[in-house]
Amino acid sequence: MRGSGIWGALALSGLWAVSALPAGAYQIYVTNEKSNSVSVIDSEKLTVVKTVKVGRRPRGVLVSPDGKNLYICASDENGVEVIDTSTMKLLRTLDSGKDPEQFTMNPSGNPLYISNEDNSEVTVLDVEKNQIVARVPVGVEPEGMALSPDGNVLVNTSETTSMAHFIDAHTFKLIDSVLVDKRPRVAVFSKDGSRLWVSSEVGGAVAVIDPKTHKIIKKIKFEIPGLTREEIQPVGIRLTSDGKTAFVALGPANRVAVVDAETFEVRKFLLVGQRVWHLALTPDEKLLFTTNGNSNDVSVIDVASLKVIKSIPVGQSPLGVASSPN
């Protein structure tokens, strides 16, 4: 099994301890769904510097705004694990609600907004008190979570219902539901809040929505020579802060689409590992990291040249990925 070879190599090379990161380097955190682990990648060395065991079926991952804590959706543990990023030791496990899939965090560091797949709810969690403050009913199989830059609107995607749900982030009341293509997975706001991008995995499209009117202004489709439409399954999305470029992970197409975020034209496809899931930009936006679930690796893309520069072996079935902040 490929995963066991990686662990052995790490142990022999002494990479179980995190080395001090050089100036300008970031830590990239990857959840390995079948290994029940997190791989930590040094963004300058482009190597795994530590692998830690976590709860069963880790999926969503994010870093607190101050960079001190790592949050992980341990889906089969029905909890969110909090890890100290300086030691990579488990601090505590938060009550997330049943089967946490993905989440987002208020820029203040509290609360967390969590999608609970098994009970069709969004859980709002006070992380300091470890107390659930609201449960918001949404569609079947909620997945993606996004918070508008002004902090006023939450968006959740429900895979089976094929909707993007708009939720008031203060009252936690459902505002509206927008029908998108089949199996929406990820929702991402542009930095200025003027656009909401939603990927539909089975529908093979990305919907760009006006957050004010809740109207779809564009559906982006992807055509790749030699591949069927069924093989092109958009999941992860990342937007550059200048609002000019969108990167879209295309699942079993094994490619990341580079999209002009102003004209919505697909500029290029970048070949990465097998079954690409999610994406993370470093804070300086020089590198993009992709999790490739079937090839058990992470692809590294140089954003300036739009070239894949390295493949980094990680654990089994890497899914979530997040970067440490500045």
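Helices and strands here are DSSP runs, H or I of at least four residues for helices and E of at least two for strands, numbered from the N terminus. Two strands pair if DSSP finds at least two bridges between them. Before the details, two remarks on the model. It is a predicted model, in which local features need pLDDT of at least 70 and side-chain atom pairs count only at pLDDT 80 or more, while totals for chains, interfaces and linings use all residues. Residues are numbered from 1 along each chain as its sequence is written, and side-chain values use heavy atoms, with hydrogens and water left out.

I start with the hairpin of S16 and S17. There are 6 residues between these two strands, and Gly193 in the turn has a positive phi of about 80°. For burial I use relative accessible area with a 1.4 Å probe and protein chains only: buried is under 20%, exposed is over 50%, and partly exposed is in between. S16 is largely enclosed by the rest of the structure, because 6 of its 6 residues are buried.

A second hairpin is made by S10 and S11. S10 covers residues 121-126, S11 covers residues 131-137, and they pair in the antiparallel sense over 6 bridges. Asp126 stands opposite Gln131 in S11. With 4 residues between the strands, this hairpin has Asn130 at a positive phi near 50°.

Next, a sheet. What is the order of the strands in the open sheet of 4 strands? The order is S20-S21-S22-S23, and the pairing is antiparallel. S20, residues 237-239, and S23 are the edge strands, each pairing on one side only. On average, neighbouring strands of this sheet are turned by 20° against each other, direction ignored. For that angle, axes are lines fitted to C-alpha atoms, for helices over the stretch in contact, and angles run from 0 to 180 degrees between N-to-C directions. Inside the sheet, S21 (residues 245-249) and S22 (residues 255-260) run antiparallel and are joined by 5 bridges. Ala246 stands opposite Val259 in S22.

Now the charges. A salt bridge here is a side-chain nitrogen of Lys or Arg within 4 Å of a carboxyl oxygen of Asp or Glu. How many of them does a search of the whole structure find? The search finds 17 salt bridges.

The side chains of Arg59 and Glu101 form one, at 2.8 Å from N to O. Arg59 is in strand S4 and Glu101 in strand S8, residues 100-105, so the pair ties together parts that are 42 residues apart in sequence. Arg59 is buried, with a relative accessible area of 6%, and Glu101 is buried too, at 0%.

Another joins Arg183 and Glu159, again through their side chains, at 2.8 Å from N to O. Arg183 sits in the loop between S15 (174-179) and S16 (184-189), and Glu159 in the loop between S13 (153-158) and S14 (163-168), 24 residues apart. Are these two residues buried or partly exposed? Arg183 is partly exposed at 28%, whereas Glu159 is buried at 3%.

In the third, Arg56 pairs with Glu77, the closest N and O atoms being 3.0 Å apart. Arg56 is partly exposed, with a relative accessible area of 43%, and Glu77 is partly exposed as well, at 37%.

Some of these residues also belong to a network of salt bridges, whose members include Arg59, Glu101, Glu159 and Arg183.

Gly273 is placed in the loop between S23 (266-271) and S24 (276-281). Its relative accessibility is 10%, so Gly273 counts as buried. Taking contact as heavy atoms within 4.5 Å, and leaving aside neighbours within four places in sequence, Gly273 touches Asn254, Asn292, Ser295, Asp297 and Ser299.

The other residue is Gln27, in strand S1, residues 27-32. Gln27 also counts as buried, at 10% relative accessibility. Its side chain makes a polar contact with the side chain of Tyr29, at 2.4 Å. A polar contact is a pair of N or O atoms within 3.5 Å; within protein, one must be able to donate a hydrogen and the other to accept it, and residues adjacent in sequence count only if both atoms are side-chain atoms.
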